[in-house]
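Thanks for coming. Please have the viewer open.

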Amino acid sequence: MTYFVDVILPLPLPRPFTYQITEAEHAFISPGVRLVVPFGNKKKYAALALKTHNQVPVYQSKSIEYIIDESPLITSSQLKLWQWISEYYMCPMGLVMRAAIPSMLLLESETELVHLQAPVSSLQISNQARLLWEKLANVEKIPLSQISEYVNVDNPLKLVQELLRHKLIATREEVYGRYAPKEEVRIALSQEFTKEERLMNLLTSLQKHEAQRQTLLQMVQQKQPIARTLFHKLAGVSKSSVQTLLKKGVFVLSTHRVDRLPIKTEAENPLSPLTQPQQKVRDQIQIAESATTHLLHGVTASGKTEVYMHLINEVIQEGKQVLFLVPEIALTAQLIQRLHLHFGKKLSVYHSRYSQSERVEVWNALLEKKSSAQLIVGARSAVLLPFSNLGLIVVDESHEYAYKQFEAAPRYHARDAAVVLGRLHKAPVVLGSATPSIESYHNATNGKYHLNSLNERFQGFQLPTIELVDLKTAQKKQKMQGVFSVGMIEAITQTLENGDQVILFQNRRGYAPFISCMACGHVPQCTNCDVSLTYHSHSQQLKCHYCDYATPVHSHCTACGTPHPRTIGLGTQQVEEEVVKLFPEARVARMDTDTTRGKNSHQQLIDRFQNRELDILVGTQMLTKGLDFGGVSLVGVVQADGLLNFPNFRAHERAFQMLLQVAGRAGRSGQQGRVLVQTYDVNHPVLKQLLDADYNAMFSTQLNQRSQFKYPPFQRLIRFECKHKSFAVLQEAANWFATALKSNFPDVLGPQSPPVGRIRNQYVLHILLKLPADKSTTAPKSQIKRIVNRMEQIAAFRSVRLNIDVDPI
């Protein structure tokens, strides 16, 4: 009997592919095992086995190359989640696989050049090609990706083609594993000298070699074996003496496999008792059915994290796993410190700042059900990890849009994926937020989620007072210094005199959004995108925040030559610069994407502010996401209007959430905080709702508007993004696609250009489809796939890129 296996390839393919296997391979292969398979003419990939069977495919199947794993790399529930993401977000399974698995485990073949013996003297080849052929003779093979290291020419591929044409080299495809466990060399006293008599004789014999004697005495005092690098750093240890004692056989070396993850040795401290409101919420979550989703709506500093930790502790004691999702890496730093005190030896972290090797080790620890990975704290991608015994999922700051994948497929929302994952494991899911999304709160009020509330701050601390500062009036009365009103400056001065700290919020990085010539009005534009360049004063560059294009700032207008173009608008660099001028004695730092690019940069900046090494912290929305600083008594919003006037149906919801969240950073340690919001429109309804911290008023207003104009939660949205380098081709394709949609669905908007209509030299058009939220999307999505397939058959449109975003943010 002939056997076959269906596999997922890490490629954007519409379906699994089938390969032939032997009877022995059929008996061994289980779902989730990696297999090396050929694909196309030459390439080989590590594919994931889905299922084995004996149904002959309609095409001529190839045989697999070999089996990589002895046991599955993914779990059955994980595979079901991938399938849901693939179907719901209309994305090929291969791209879900590529997003989920660390790249070190996503193996694909590499083209190698192999030397062939031939009488080269009689062939007419270039000197550079001859040199490359001779170097190949010494190394036998060279990866094609490394060819430039062997010959110093602009286009080494031409030399490769020349040698292939004369049959002096051959190519082959090989798959190599890229992950290697970290190993540590350790040193110890030889077994021969562990007996006291032999050791005393040895010390006596080293009386004339004091350095060796001190090194030996230091070794005797250590717990052995000890890492060689660590031993070399100890007082009294001489590296040359270590080498001598190794040669004499006194010391011996051994190699040990170690984790790349941080070593957790601290004792785990008991949890603090819960307050009565916190205990009530914990009890409500515990008595509910296991696979229930809970919305924990608690005001800022109400102690939601304490509730989480008590729930986590109970699940861990049952021997189950916990997933704790956070929206930003910046938030993980402070949260990890708190969780580490109580769950240190059971805690692992997973996010994009970790190296690929570190991510593989977290993945393997989960597969092996190690106690060190019982509690996983991570950003969006952690929801795709191989959990096998999940007992609780916490989604902190669940309203945050960072949970949504924007750039590449799969464009999934980690909050929604977490709810599905909880159902698969029959585990409760807790969505926590002081400002829940409209959709989540609507689900809670409709009974789809359980609503749990914490309406007061921890230990009865008061919420901060919020005041609006009218910038129009301040400017008319000349009560402004730069970007700050006199009232804001006085408040900052008083706060610093009291020994407290200040947070200043401006949700735009850089120095200014653009510069403009006062004579001709010219604004420097990105050469690749339809957007102005942002001025960065520290590097004296104009940068595009979409494609990273950068150009030096000129002292004269590049259009008319007028000197000194003027900066327009406000960014965090400018705020920081003005703060330093106004408060020269204060210690000031900035927290935005530009200052937190390093692996531990978030942690270092947060630690400095937490330890009172900084007085004023200027930042973007990173500051709004659940950070807890006890010394902050004043929060200043430098300019709120940019948040209120964004062209998006969620703009007012986002503005309210962001402003209330940043306001919640003030007064978290007992003393009532103060929040000043500078704005040109003090009568804006969102700001009126903010003054009273009235979430319910904002929710009701937004819900009425969305019901009227057919937006979520009353309608589901699917956005189609068409991209092409030629606007004419793009427009024709987008019009065809929109017409096809309109012939099948009643509510289709577009095509229309987004706010930035060209990015990286690709023009963009959007088409928006609205579907009833109370009906299944299975049939509409099948119809959409048929329309997409028809579009792909039209030769003129094949070069048009179509991205599908289900539930766009």
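A residue counts as exposed here when its relative accessible area is over 50%, and as buried when that value is under 20%. Keep in mind that the model is predicted.

With that cut-off, take Lys-369. Its relative accessibility is 60%, so Lys-369 is exposed. The residue sits in the loop that joins helix 13 (356–367) to strand 15 (375–378). Lys-369 is not a glycine, yet its phi is positive, about 55°.

There is a second case, Asn-761. Again we have a non-glycine residue with a positive phi, here about 65°. Asn-761 belongs to the loop between strand 34 (758–759) and strand 35 (762–772). Its relative accessibility of 37% falls between the two limits, so Asn-761 is classed as partly exposed.

Why list these at all? Most residues other than glycine have a negative phi, and most peptide bonds are trans.

The one from Ala-409 to Pro-410 is cis, with omega near 5°. Pro-410 is in the loop between strand 16 (390–395) and helix 14 (414–425). The bond from Pro-712 to Pro-713 is also cis, with omega near 15°. For Pro-713, the loop in question runs between helix 23 (695–709) and strand 32 (715–724).

Now the packing. At what angle do the axes of helix 2 and helix 3 cross? For helix 2 (residues 76–88) and helix 3 (residues 93–100), the angle is roughly 125°, and the axes come within 9 Å. Helix 2 is therefore oblique to helix 3. The crossing of the two helices is right-handed.

On the helix 2 side, the contact is made by Leu-79, Trp-82, Gln-83, Ile-85 and Ser-86; helix 3 supplies Met-93, Val-96, Met-97 and Ala-100. Sorted by class, that contact has seven nonpolar residues, two polar ones and no charged ones.

Trp-82 comes up again in the core. The largest nonpolar core has 117 residues, and Trp-82, Leu-323, Ile-376 and Val-383 are the members that touch the most others. Beyond its neighbours within four places in sequence, Trp-82 contacts Met-93, Val-96, Met-97 and Ala-100, as well as Leu-48, Ile-74, Ile-101, Trp-363 and Leu-384. Another core, of 26 residues, lies apart from that one and includes Val-281, Leu-311, Phe-324 and Val-326.

As background, nonpolar side chains in soluble globular proteins tend to be buried together. That is the end of my list.

Notes. Residues numbered from 1 in each chain as written. Predicted model: local features only at pLDDT ≥ 70, side-chain atom pairs only at ≥ 80, totals over all residues. Heavy atoms only, no water. Axes fitted to C-alpha atoms, helices over the stretch in contact; angles between N-to-C directions. Helix = DSSP H or I, 4+ residues; strand = E, 2+ residues; numbered from the N terminus. Parallel < 35°, antiparallel > 145°, perpendicular 65-115°, else oblique. Left-handed = near helix turned anticlockwise from the far one by under 90°. Contact = heavy atoms within 4.5 Å. Nonpolar A, V, L, I, M, F, W, Y, C, P; charged D, E, K, R; others polar. Core = buried A, V, L, I, M, F, W, Y, C linked by side-chain atoms within 4.5 Å. Buried < 20%, exposed > 50% of the residue type's maximum accessible area, 1.4 Å probe, protein only.
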